[in-house]
Amino acid sequence: MSSSANSIPLILDVDDFKGDFSFDALFGNLVNEHLPSFQEDDADSTEGHDGLSNGHSRVPPSAQGSAAPLFPAVDDLLSLFKDSCRELVDLRHKIDGRLHQLKKEVTVQDSKHRKTLSELEKGVDGLFDSFARLDSRISSVGQTAAKIGDHLQSAESQRETASQTIELIKYLMEFNSSPGDLMELSPLFSDDSRVAEAAAVAQKLRSFAEEDIGRHGVPVPSGMGTTNASRGLEVAVANLQDYCNELENRLLARFDAASQRRELSTMAECAKILSQFNRGTSAMQHYVATRPMFIDVEVMNADIKLVLGDHGLQSGPTSIARGLTALYKEVTETVRKEAATINTVFPSPNDVMSILVQRVLEQRVTAILDKLLVKPSLVNLPPVEEGGLLLYLRILAVAFEKTQELAKELRSVGCGDLDVEGLTESIFLVHKDEYPEYEQASLRQLYQAKMEELRSESQQQSDSSGTTLRSKATSAMPSHMQISVTVATEFVRWNEEAISRCTLFSSQPADLANNVKLVFTCLLDQVSQYTTEGLERAREGLNEAAALRERFVIGASVSRRVAAAAASAAEAAAAAGETSFKSFMVAVQRCASSVAIVQQYFMNSISRLLLPIDGAHVASCDEMSTTMLNMENTAYKGLQQCIDTIMAEVERLLSAEQKTTDYRSPDDGNVPDHRPTNACTRVVAYLSRVLDAAFNALEGTNKQAFLTEVGNQLHGVLVSHWQKFTFNASGGLRLKRDITEYGEFVRSFNAPSIDEKFELLGIVANVFIVAPESLASLFEGTPSIKKDALRFIQLREDFKTAKIASRLSNLTAET
C-alpha cells in the first residue's frame with residue numbers, strides 16, 4: 001500500500017480552493033485512497049478475536065508486541081500531508097505575487113481615472129456656465145418679446161376702444177339729435193336680428209350719457225320740448241330711455257309668444273338680452289306673474305275645494321291636514337317643473353326661483369290660509385258644539401306644520417337666497433302673537449264645557465232615580481259628581497296637546513318656557529278647582545249625615561213608640577253617615593291619584609321645558625305646592641268630619657247595645673261569659689267595615705295620622721262610656737275581654753302610642769277583678785295607671801261596702 005501510494009502524484013491546484021470550498025471535502029479526497037485497504041485488513045484481523053471495546057484491544061499484553069501496526073497507512077499519510085503542505089505554501093507565494101502585481105495595476109488605473117474625472121469636471125463646469133449665459137439670454141429675449149406683445153395688445157385694445165368709441169359717439173349723436181325722434185336711427189336699432197347688440201349699445205350709451213350729466217350737474221328736464229341740444233346730453237338720455245323701454249317691451253312680447261309655444265331657446269335668448277335691463281328684474285317678475293297658478297281663478301277655487309271639501313272648517317283638522325298635504329304636494333311639483341324651465345331659460349335662475357317661491361307663499365299659500373285661519377273672538381267664543389277655540393288651534397297647528405314642511409320641500413327644490421323659513425314664520429305671525437291667550441282661553445272653555453257635561457249627567461241621573469230614592473239616600477253623592485281620575489286624566493291630555501302646540505309655535509327656548517308655564521298653570525287651576533269642589537261636595541254628604549243624626553236625638557222620657565221610630569231614624573242616619581264616609585274616602589283617594597298623575601306629567605314633560613328661564617321651574621313647583629296645599633286643607637276638614645262621624649256612630653252603638661248586666665252579671669252560679677259584649681262586637685264590626693275604606697284611600701303619613709287620631713278618640717269615647725257602669729268581678733273579666741278585642745283591632749293601625757293606651761286599659765281593668773285588700777299592690781307594678789285606676793275603682797260594685805276608699809286613702813292623698 002505504501003508503494004502504491006507513493007506512485008500516485010499529489011496534485012493541488014488553485015482551482016481546488018475556488019467556489020464552495022470545504023476543508024473536510026479536500027481532506028477526504030486526500031486520504032480516502034488509503035482507507036479502503038486498511039479497512040479490509042482491519043475486518044480480517046477481527047474475525048478470530050474479540051472486538052475492540054472503547055478503542056482498546058482485548059488481546060493479552062504478551063501478544064501485543066508481535067502484532068501488526070494498528071494503522072499501517074500512517075507513514076503514507078504523513079508523507080502526503082507534508083507534500084500537500086509544501087505545495088500549499090508554494091501556492092500561497094504565487095497568489096501573493098499575483099495580488100501584489102494586481103495592486104500595482106489598480107493604483108496606476110486609479111490615477112488615470114482620477115485625472116480623467118478632473119478633466120471631465122472642468123468641462124462640465126464650462127458647459128454649465130455656457131448654459132447659464134444662454135438661459136439668461138433667452139430670458140432677456142423672452143421679456144423683451146412679452147413687453148412687445150403687451151404693447152401690441154394694448155395698442156390693439158386702444159384701437160378697438162377707439163373704434164367702438166367712434167361708433168358709440170356716432171350713435172349718441174343720433175339719439176341726441178332731437179327729442180322724441182327715433183325714426184332716423186341707424187339700422188342697428190331697428191334690425192330684429194341684432195337686438196342683442198342694440199341692447200348692449202343702448203345700455204352703454206345710457207351709462208355714458210347719465211354719467212356725463214351727473215358729472216356736469218345738469219338735471220334731466222321733465223319735458224324735452226326744445227330742439228336745442230348743444231348744451232348737454234339730456235336729449236340723448238331721454239331718447240335712450242324711450243328706446244330701451246320700447247326695446248324691453250318688444251323683447252317681453254317676444255318672450256311671451258315663445259313661452260306660449262314652449263320655445264325654450266327663444267325664451268333663453270330673450271331672457272339673456274333682457275338681463276341687461278335692470279339685471280333682468282322685469283323679465284323675471286313678468287315670467288312669474290304670468291304663471292297660471294297666480295292668475296287662474298279656477299286654480300284658487302280648486303285649492304279651496306281640495307282642502308276644505310264640502311263641509312268647510314267643520315270637516316275637522318284631520319281632513320284638512322290631508323287636503324293641505326295633497327295641495328302642497330301639487331304646489332311642490334308645479335314649482336319643480338317651473339324650476340326646470342327657469343334653469344334652462346334664465347341666466348340667473350336662483351333670482352327667478354326666489355321670486356317664484358316668494359310669490360307662491362305670499363299669494364297661493366296665503367290665500368288658502370286666509371280661508372282656514374279665521375281668528376275667533378275672545379269675547380264671544382265660538383260654541384263648543386262647533387269645535388270652539390280648540391278647532392281653531394288645531395287647524396292653526398296643522399296649517400303651520402304642513403306649511404313648514406312645504407317650505408322645506410321648496411328649499412330642496414331651490415329658492416335662491418330667499419329665507420323661506422323666515423317668510424313662512426311671517427305669514428303666521430299675526431296668529432302666533434296672540435297664541436298664548438287663545439290657548440289659555442281654549443283650556444278654560446274645555447273645562448267649563450266638561451263641568452256642564454258632568455252637571456247635566458248628574459241631573460239626568462237624579463231625575464231618573466225618582467223622588468223616593470233621593471229621600472232615602474240624601475247624603476249619597478251621584479257618581480257623575482264624584483271626583484273621577486278619568487276626568488283628571490282628560491285635563492292632562494288637553495294640556496299635553498296644548499304643550500305640543502307650544503313646542504310647535506315657539507321657535508326660541510325662552511318663548512317656549514313662558515308659554516309652557518302659562519299652559520301648565522291652567523292645568524293646575526283645573527285640577528285644583530275640580531278636586532277641591534269634589535271634596536267639598538263629599539263634605540256636604542258628611543254634613544247632611546251629621547244633620548240627620550242631630551235631628552233624631554231624643555230625650556229620655558219618651559214613649560216606646562217614639563223611641564222605636566227615633567231608633568229607626570237613627571239607623572238610617574247611621575247608614576247615611578257610613579255611605580258619606582266611604583264616598584269621602586273615595587274622593588280623597590281619587591284626589592291623590594289625580595295629583596300623582598299631574599306630578600308625573602310635570603316630571604316627564606314639563607320640567608325640562610322650563611329650564612331655559614331662571615326661576616320658571618321653581619315658580620311652577622311653588623304653584624303646584626300651593627295647589628296641593630289647598631286640596632290638603634279641604635281634605636283635612638273632611639277627614640276630621642269623617643272621624644266625627646265614626647265616633648258619633650260608635651257612641652250610638654255603645655249606647656244602644658251596651659246593657660247594664662254586661663258588666664254586673666248576677667252571681668247565679670253559672671259559668672261566666674268570656675265572650676266580648678254585643679256592643680263591643682258591633683263597634684269592632686262597624687269600625688272594621690268603615691275603616692277599610694280609609695286603609696285603601698289613604699297612604700303614608702296621611703294614613704298614619706288619621707288612624708292615630710281615630711285611635712285616640714276611640715280610647716276617649718270608650719273610657720267615658722265605661723264610666724257610666726258599675727262592675728263586679730265577673731263584669732271586670734268581661735270588660736277585660738272587651739278591651740282585648742278593641743286592642744287587637746287597633747293594633748292594625750300600626751300606632752305604638754295607641755297600642756300602649758289600650759294595654760294600660762287592660763291593666764286598669766284589673767281593679768275590678770282583684771280583691772279589695774290587693775288593690776294597693778296593683779299600683780306597685782305599674783304606677784303610671786294610678787290616676788285612671790283610682791277613677792275606675794269607684795265603679796266597683798263593692799266600693800262602699802268593702803270600704804275601699806279608706807283602704808286607698810294613702811294613694812288618694814298622694815294623687
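Analyst: **A helix crossing and the core**

Helix α14 crosses helix α19 in a left-handed sense (the near helix is turned anticlockwise from the far one by less than a right angle). Helices here are DSSP runs of H or I with at least four residues, numbered from the N terminus. The model is predicted, with pLDDT of at least 70 required for local features and 80 or more for side-chain atom pairs, while totals for chains, interfaces and linings use all residues. Residues are numbered from 1 along each chain as its sequence is written, and side-chain values use heavy atoms, without hydrogens or water.

The axes of α14 and α19 (residues 485–505) are 11 Å apart, at an angle of about 40°; axes are lines fitted to C-alpha atoms over the stretch in contact, and angles run from 0 to 180 degrees between N-to-C directions. The two helices are therefore oblique to each other, the class left after under 35 degrees (roughly parallel), over 145 (roughly antiparallel) and 65 to 115 (roughly perpendicular). On the α14 side the contact (heavy atoms within 4.5 Å) includes Leu390, Leu393, Leu396 and Phe400, and on the α19 side Glu497, Arg501, Leu504 and Phe505.

Thr503 also lies in α19. Its relative accessibility is 40%, so Thr503 counts as partly exposed, between buried at under 20% and exposed at over 50% (1.4 Å probe, protein chains only). The C-alpha atoms of Thr503 and Ala513, ten residues apart in sequence, are 9.2 Å apart.

The largest nonpolar core holds 165 residues, and Leu691 and Phe706 have the most contacts inside it. Helix α14, residues 388–413, gives the most to this core, with 14 residues. Such a core is a set of buried Ala, Val, Leu, Ile, Met, Phe, Trp, Tyr and Cys residues joined through side-chain atoms within 4.5 Å. Beyond four places in sequence, Leu691 touches Phe581, Ile646, Phe706, Val710, Phe745 and Phe749.

Glu578 sits in helix α21 (residues 560–610) and, at 14% relative accessibility, counts as buried. Its side chain makes a polar contact of 2.6 Å with that of Arg689 (N or O atoms within 3.5 Å, one able to donate a hydrogen and the other to accept it; residues adjacent in sequence count only if both atoms are side-chain atoms). Excluding neighbours within four places, Glu578 is in contact with Tyr686, Arg689 and Val690.

Gln713 belongs to helix α24 (residues 700–722) and is partly exposed, at 22%. Gln713 touches Gln640, Ile643, Asp644 and Met647, leaving out residues up to four places away. Ile646 is 67 residues from Gln713 along the chain, with 9.7 Å between their C-alpha atoms.
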